Amino acid sequence: MSDAESGGDPHDARNEETVESDEFEPVQVFPESEEMDLRPGSDDCYKCSTCDSVCPVAEVDDEFPGPKFQGPEQWRLKRKDDRDIDDSVMSCSNCMRCDSSCPSDVPLSQMHNTARGQFVQEQMEKLSQEYLRNRILANYRFFAELGSKVPRLTNFLMGNVVVQSVNEKLLGITSEREFPEFADETFREWWTNRGGAKIESDEKRVAYFHGCYSNYNTPEVGKSLVRLFEYFGYEVLVPPQKCSGTPMFANGMLADARRAAETNVSEFAAAIEEGADVIASCTSCSMSLRQEYPELFDFEGTASVAAQTYEAVEYLRLHEDLAAELERAEVEDADFAYHAPCHARNQGLAGQAVEMMDLLGGASAEDVGESCSGISGTYGWKAEKYDTSMEIGAEMFDHMEDAEAETGMTECPTCAMQMEHGTGYEIRHPLEVMAEALVE
Amino acid sequence: MAIEDDVLVVGGGLAGMTAALAAAREGADVRLLSHKDSTLRSASGLVDVLGYDSAGTLLADPFDAIADLPESHPYRQASVGESGVREGLALFDEVVGESYRGGHTDRNALVSTHGGTVKPTARYPASAAAGVASDDREVLLVGFETVTDFDAPLAADHLRAAGVPFEVEGVTVPFPGDFRADAARTRLADALDANERLEVGGNRPAVSTTLPARKALAEAVTDHLGSAERVGFPALLGQHETEAIRADLETELGAAVFEVPMGSPSLPGMRLEGKFRKACREAGVRFTTGNPVVDFEEDEESGSGVIGAVRVDRNGAAIPFHADQFVLATGGLVGKGVDSDRNGVEEPIFDCHVPHPSDRYDWFADEAFGDHPFARFGVKADDDLRPLDRGEEVEFDNLRAAGAVLGGCDFAAEKSGSGVSLATGLAAGRSAAREVTK
Amino acid sequence: MTDTEVLVVGGGSTGCGVARDLAMRGVDVTLVEKGNLTNGTTGRMHGLLHSGGRYAVSDRASAEECIEENRVLRDIAGHCVEMTGGQFVQLEGDPDEYFEEKLEGCRECGIPAEVLTGEAAREEEPYLTKDVKRAIRVPDGAIDPFRLCVANAASAQQHGARIETHAEVTDVLVDDGGTAESGRRVRGLEVRHTSGPGKREHRQPGETEEITAEHVVNATGAWAGQIGEMAGVDVEVRPSKGAMVVMNCRQVDTVVNRCRPKGDADIVVPHETTAILGTTDVEVEDPEDYPEEQWEVDLMIDELSRLVPILDEARTVRSFWGVRPLYEPPEMGTTDPTDITRDFFLLDHADRDGLADFTSIVGGKFTTYRMMAEKISDHVCDKLGVSAECRTADVPLPGSEDFSVLRDYMDEFGLRSPIGRRSVQRLGSRADDVLDTDGPNPVLCDCEAVTRAEVQDAIDQSGTDLNAVRIRTRASMGNCQGGFCCHRMAAELHPEYDEPQAREALDELFQERWKGERHALWGEQLSQAALNYALHATTMNRDRDPADREDAISFEEFDSGASASKGDESKTSETKEARHGD
C-alpha cells in the first residue's frame, strides 16, 4: 500500500500543500501504552437512563443495550485487569446524542470511543473482514485522494454493479448505496488555481478546516465558504490538513485518528498563532476538533484549537451582523426541509440554520424533527448495519416527505447522503445558499 | 453583532418551555437555552398539582388547599396564586389537547403507579385514563418478564391492599418477539409504533410464526383476560403512535386499554416533552441546545443588578447571549439547577442565594421518607418570582425563576412538581415578556 | 440429651468460622445470630485481607499470623478474595526510619516486600499523588467479608449445622448442677425468633425457643459483654468505632496504605466496584448506639486525598461505621484504643468465673478469623472429648472448589460480557448452578450487574430479608444506592411471599440504604438522593402508600375518569369559566 504514497506529480498542488499521504499499515494502537481510565466518569451517572431514551440505535436494535450500559456501567465494573469490552460497542454509531442528552454530564461518547478503541485493539481479529472494511471506511480520505486523481474512472468504477457486489461480498460494504461522486477539481486544486486568498487582513483572519468531503466530493461548499468570508472581509487560510478523525473514532481506529489529529492540531495551532480562528463547514469535523481531540488526545495546542474552532455560520453570527445582511438579501424559491445533524446538535447548532433561513428573504427552512438520519458517517455503509441505518432514518424520511419543501438542507455531508438516498431530494448546505444570496 | 433576544429562558424542562411559550405569546422574541435533556424524560408524565397538604392529608380538590400552604410556597407568590395555577393548567390543556385528560374537573384523579400504589394527580395522559382508580370496572394488569420495574401480580395485590373499588388481577407474560432481556424500553415501544412483525411461539420452530406486534401482544394477553373490562400495560405503548396502538389492542382484546405510568426512561414524559417543544416552536421560540450556561455579564449601561447577557461555554470558548429579560428554569437538585458540595448549596449560574442550613447533617431527615430539608432547596423569590439575596433584596431586576429551581416546597411529598413548573413558568415568562413589550 | 452439642452465638466471621470448623469435625452445632449474617462487625469493615504489613512494626506475632492466613484464604476462599497487592506509601516528609522499620519488619515476618520508587509506585497506581517518595509493595488483598461469612455458614450447613439468623438471645440459661467448683454451668440459651425459625419471613410472628447445649460459645465480638452479663460474668470488651467512606468507583486497584506510625485515615482499599477509605479509632460505650459524625467523614476525605488527590473531587456514595471488639485484660488499663492489642483472647469462663461450659472469644481481626476459629474449636473439642482434627485450612469453601470455572460465561448464559464477568467473580464455582435458568434473566441491579437468577438464588438462601440478599449479591450497593433496584428486588419475593411481606422487606432495605447514604449527601450523591426520592415518592407514591393507611380512601371523591371522554367538552369549559370568574 505504501507505493501509493506521494506517487503523484511532485508539482501537484496537493502534494505541496497537504501533508504526506496517510500511511496505511497494520498498527499498534496506543503506541504510548497509556491506557485511559474512565471509571471516574461514572461518578456523574445517576442512572436516569435519559441517554438510553435518545439512543437511535437502541431504539431499533436490541443487540445494542444502550449508552448507559455501554458507558458508565461497563466502565465502573472494571477492575484493573479486566480487559474485555462487550462486543456490542461496535454497534454504537457514534452519533453522540447520548452526550447531549445526559443531564449529569457523563462523558459518554468519550467512554464509547475509548472502549471501542480498546476493543478493536485487543479483541478484534486484525485480518477479519470487519476489521479491514472498517479500516477502509475509516480512512476514507486515503482512498478519496487516490480516487480524485482519476475522478471519472473512479466514479465509473464505484457505480459499477460488479464492483459494488465485490464490495459487499468481500468487504461488507453495502451495495445499496451509491458511492459519492468525486469532483473533477478538488477544493484544494481550485484554491491553488485561483491563487489562494484574495483578501489579506491582519484583523480578520480565519483558517478553514475543509475536511475530506468538501475537498474531494462537494468543493462547492468550500468555495461558498471562501466567497462568503471574503465578502465579510476575512483573509482565509487553508492550512495543510488530514482527516478530522471522525470516521476513525467511530470505528475504533484510534491510532489512525491520533496521527491525523496530531497533524491537524499542529497546523491549526500554528494558524491560531498567526491570529486566525478556525472554521469548519462540516459539523462532524468541527465536533472532532472541539470535543473529541481534547477528550482523547493531549497534543500541545489541543485545547486552544478546541476553544477557537467554530462552525462557519456560527462564526459569522458571532462576529458579523449576519442577521441584518440576510434580512436585506433576497433569493428565489428557497424552501428547505432541514435536518439538524446529531453532531451539530451536540455543538448547540441544531436551531441555527432554520433561524438563518427564516431571516433570508424568499427562503424558509422547516426542521424535520430531532431524529437521527441514521447514517452516522461510516455506520450506514456497513452491509450488516444498512437496515438498521435505514430504520433509524425512516422517521426523518417521513418528516421530509411531509414537509412542503422539495429540497433538503443540512450541514453534514453524510447526513446529506442519507437524505438524498432516502428521498431522492437534492440537498444543499446553508453556506451555499447564503453565498448565493449575499455574494453573487 | 451578538445574538440578542427579548427574553432568554435558561432551562428546557417543563418550567422553561412553559415560560418561553408564555413569553412568546405575549409577543416577545424568545430564545430558550438548554444544556442537556430535561428531567421530563425521567418523570412519569402525570401532571400533579397538589395531592397532599402540609399535614399529609390526601386532597380530592387541590385548589381548595392552596391558600393554606405556607407562605414560602411558590403557589403563594402574588404573581401565581390559585388563579396562576389555573392559568398554568389552562395553558397546559391547550398545548396537549386531546392527549391528556383531567381538565373536565377540579378534582384530582387517583392513578395507579408502577409501584402498585395510587397517587393523586390533576392531569393524566389519555393513555392512562382508563386506569384511574375511582372507576369500578375490573382490571387486569399485564407485566412483562423483562420489564423489571413493573411486577403486575404484585401491583395487583398491592392495589387490593389499598382498598381500590374494583377487582384486579395481574399477570406476567413474555413480550412477544425474540428481544434480548436488556432491550431498551424504546425498542419495545418502537416495535409497537411500527407494528413490526414479531416471532411468536417461542423457540419451538414448528409452531413459530410471525404476527404484527400489536396483534401478537394482544394474543399473549387474551387467555388471561377473564372478565376484566380494563387492561393495563407498563407505559411503553409506542412513542409516536400510542393512540393507534391502544385502539388496536382494545379492538383485539374487547376491553379498555391503559398505560401504567413508569419511572425513567419514561415514554409518557418523552411524549409530553415533544408536545411542548412543538408548541414552543410554533409560537416562534428559538431553541439553542447542547452547551451549558455557565456565567453572566452585567448590563453595561445599568450596571450591577441588571443582567446583560449569559455566557455559554463551548469547549472553552465563552459565547454571550444577550437579552432584556431572563428566566432561570434550570431545575432543582435533580435537574442540576441547584448544586452542592460538602460546604454548601448554590445556584451555579447567577450565584443566587439558596437558603440552607450551614451544617450539612441538617440537610436531611433520618427516615428515608422523612421531612427532608434538601427537598425544599432552591432560590427564594419575591412576588414577581425574582430571586432574593441573603438580605431579602432582589438579586437582579431582570431575572425571574420558575420550576424546581424555586425552593420552599417538597414537590415529591406533596405531589406538586408539574403544577409548580406550569404555574411559575407561566407567571415568570409572562411577567418577563411584559417588561419588554410594555 | 441436649438440643445441640455446641451452641454458637454470633453470625460474624468468628461465629461462622467456629460453626464450620466444628461441623466439619462431626460436632452437632447450632448458630444463632440476632440479625442477618455479618450484621455486626464483620459486615462493617473495609474488606482488607491483611498481608501483615500493617502490623510488621508494632505487633510481629499478629503480622506472622496474617501472612499465614492470607495464603490460606487465597486457597480456600478464592471467589471472595481479589489479590490486589498493596503499597505502603511514603510521602515527602514522612519519617524514613519508620519506612525502614516497616520494611525490616515485613522481611522478618516472612511477608514478601519490595521497595518501589515513587515513579514505579505511581505507574502501578496512577492516581497517587506526585509527592510519593517511595513505597513498599506487599501482598495485601481485598476480601468480601459478606460472601466469606455466608460461605462459611453454608459449609457449616452442608455439614449438618443449624444456622438461625434473626434469633436474638434473650437469656443465658444457667444451671446449678455443673462440674465447676461453684457448681454453676451454662446449659443453653433462650432466643427470640423475629419471624419463625429458619429463613426470615417478614410479618411472620416471632416466637421464643430454648436451645440447650453441652457447650456455648460467645462469639459476639463487641457484644460479648452483653451476653456475658446475661450469664452473670464480666467480659471487658472495649468497643472502638471506626468510620469508613465508600467511594462510587475505584480510584485505586491496589490497597494503598500511608506508611507512617499509626494514625487515622491512612488506608484506601479497592473493594469490589468501589474503594473504601478508612478509618478512625474511637472508644464507645455501646456497640449499637454511638454517634456517627461528620468530622470522621471529612477527615477520611481530607486526609486521604493527600495520598490520592482525586478523592477530593470524587463521589462518595455512603459511609458506615464498625465497632472493633477490642479487649484487654482489665489490669492493663490502656487509655488510647489504638494502643490496645489486636490479638484475640479466649476466655474460659469455667477457669475464669467458675461458670462451666461457656467460652467467650474477644479481640482479634478478620484476616485471622479461621485461625481463631480453629483454636476455639480445639478448646471446645477438648472439653467435649472430640478428637477430630481441624480441616478448614485445606477444604475450599462453597464457591471456591474449582477454579477452572472462572472462565468465559458470557455466551453460555446470554449475558453481556461485563455482567457475566462480575457474576462469576461473585459466584465462583456456583455460577453454573445459579445462572443456568430457563426464563429470561434480566439485570435487576444495573450498577452492580446483578441478574434475576442471582437474586433468586439469594432469596432461596435467606427468605424475605433483602439485606441478606444484598450482601450475597451486592444488588443495591452501587451508585444509585438502590434507588433503581430496591423495588425490583422486592418484586422477586412475590408470589412466593405475599404482597405485605414484599412491601415490608422493601421498606426495610430502602431505609437501610438511606441510613448510609445520608453521610454522603452533597454533590452527585445529593442529586442522586433527590432523584431516588422523586422516583419513590413522586412516581410511585411510596411515601404516602395508600395500603399503609389506617383509614380507607374515599375513592368516589376523586375523578373517576368517566366524564373525561371527548364527548364531554361542554362540561369542561363550563367548569373552567365558572372558576375563572372567581
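Guide: A term is needed before the chains are discussed: two residues are in contact if their C-beta atoms, placed from the backbone, lie within 7 Å. This is a predicted model, in which local features need pLDDT of at least 70, side-chain atom pairs count only at pLDDT 80 or more, and totals for chains, interfaces and linings use all residues. Residues are numbered from 1 along each chain as its sequence is written, while chains are lettered from A and ligands numbered from 1 in the order in which they are written.

Visitor: How many residues of chain C are in contact with chain B?
Guide: On the chain C side there are 61 residues, in contact with 67 residues of chain B.

Visitor: Which helix of chain C gives the most to that side?
Guide: Helix 16 of chain C does, with 11 residues. Others that supply at least two residues include helix 7 (294-304), strand 22 (443-445) and helix 15 (499-517) of chain C. Here helices (H or I, at least four residues) and strands (E, at least two) are DSSP runs, numbered from the N terminus.

Visitor: And what classes of residue are found there?
Guide: The side of chain C that touches chain B has 28 nonpolar, 16 polar and 17 charged residues. Ala, Val, Leu, Ile, Met, Phe, Trp, Tyr, Cys and Pro count as nonpolar, Asp, Glu, Lys and Arg as charged, and the others, Gly among them, as polar.

Visitor: Turning to domains, how is chain C divided?
Guide: The assignment gives domain 1 (4-40 + 146-236 + 342-384), domain 2 (51-141 + 239-323) and domain 3 (437-539) of chain C. Such bounds come from an automatic or database domain assignment.

Visitor: How far apart are the C-alpha centres of domain 1 and domain 2 of chain C?
Guide: Those centres lie 31 Å apart. The contact takes 11 residues from domain 1 of chain C and 12 residues from domain 2 of chain C. On the domain 1 side, the largest share, 3 residues, comes from helix 5 of chain C.

Visitor: What about chain B?
Guide: Chain B is divided into domain 1 (3-99 + 270-437) and domain 2 (114-260). Their contact takes 17 residues from domain 1 of chain B and 10 residues from domain 2 of chain B. Helix 3 (81-96) and helix 8 (267-282) of chain B are the elements that give two or more residues to the domain 1 side. That side divides into 9 nonpolar, 4 polar and 4 charged residues.

Visitor: Next, sheets. Is the pairing in the sheet of chain A parallel or antiparallel?
Guide: The pairing is parallel, in an open sheet of 4 strands with the order 2-1-3-4. Two strands pair if DSSP finds at least two bridges between them. Strand 2 (235-237) and strand 4 (309-311) of chain A are the edge strands, each pairing on one side only.

Visitor: What packs on that sheet?
Guide: Helix 16 (residues 283-296) of chain A does, touching strand 1, strand 3 (277-280) and strand 4 of chain A. The direction of this helix makes about 155° with that of strand 4 of chain A. Axes are lines fitted to C-alpha atoms, for helices over the stretch in contact, and angles run from 0 to 180 degrees between N-to-C directions.

Visitor: And in chain C, which residue stands opposite Glu82(C)?
Guide: Ala142(C), in strand 8 of chain C, stands opposite Glu82(C). Strand 4 and strand 8 (residues 141-143) of chain C run antiparallel, joined by 2 bridges.
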